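Me: Please take a close look at the sheet in this model. I want the strand order, the pairing and the residue partners.

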Amino acid sequence: MSFSSFSHAGFIETSWKTIGDNKATLHEETGIEWLDLTQTDGESLAYVLDNLDGKYAGWRLPTKAEVE
């Protein structure tokens, strides 16, 4: 008989624009909060980058290491 186990950091849904909207996610291990991809669905990367000082102020793209 064999058992497989793995551990993973917890993810907590958090708010973005209004309390309880659950449009962001906090990665407990790193403390990094990510905007849910559903919020940029249908938008080009160029559009999102152009709006990091406006619509998406306070957010950034992840580094390669963070994605991996």
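Reply: What follows describes the sheet, strand by strand. The model is predicted, so local features need pLDDT of at least 70 and side-chain atom pairs count only at pLDDT 80 or more, while totals for chains, interfaces and linings use all residues. Residues are numbered from 1 along each chain as its sequence is written, and side-chain values use heavy atoms, with hydrogens and water left out.

The sheet is open and has three strands in the order 1-2-3, paired antiparallel. Strands here are DSSP runs of E with at least two residues, numbered from the N terminus, and two of them pair if DSSP finds at least two bridges between them. Strand 1 (11-14) and strand 3 (32-35) are the edge strands, each pairing on one side only. On average, neighbouring strands are turned by 30° against each other, direction ignored; the axes are lines fitted to C-alpha atoms, and angles run from 0 to 180 degrees between N-to-C directions.

Strand 2 covers residues 24-27 and pairs with strand 1 in the antiparallel sense over four bridges. On that side, Glu13 has Thr25 of strand 2 as its bridge partner, and Thr14 stands opposite Ala24.

Strand 2 is also joined to strand 3 by four bridges, again antiparallel. Here Leu26 has Glu33 of strand 3 as its bridge partner. The hairpin of strand 2 and strand 3 has four residues between the strands, and in this hairpin Gly31 takes a positive phi near 80°.
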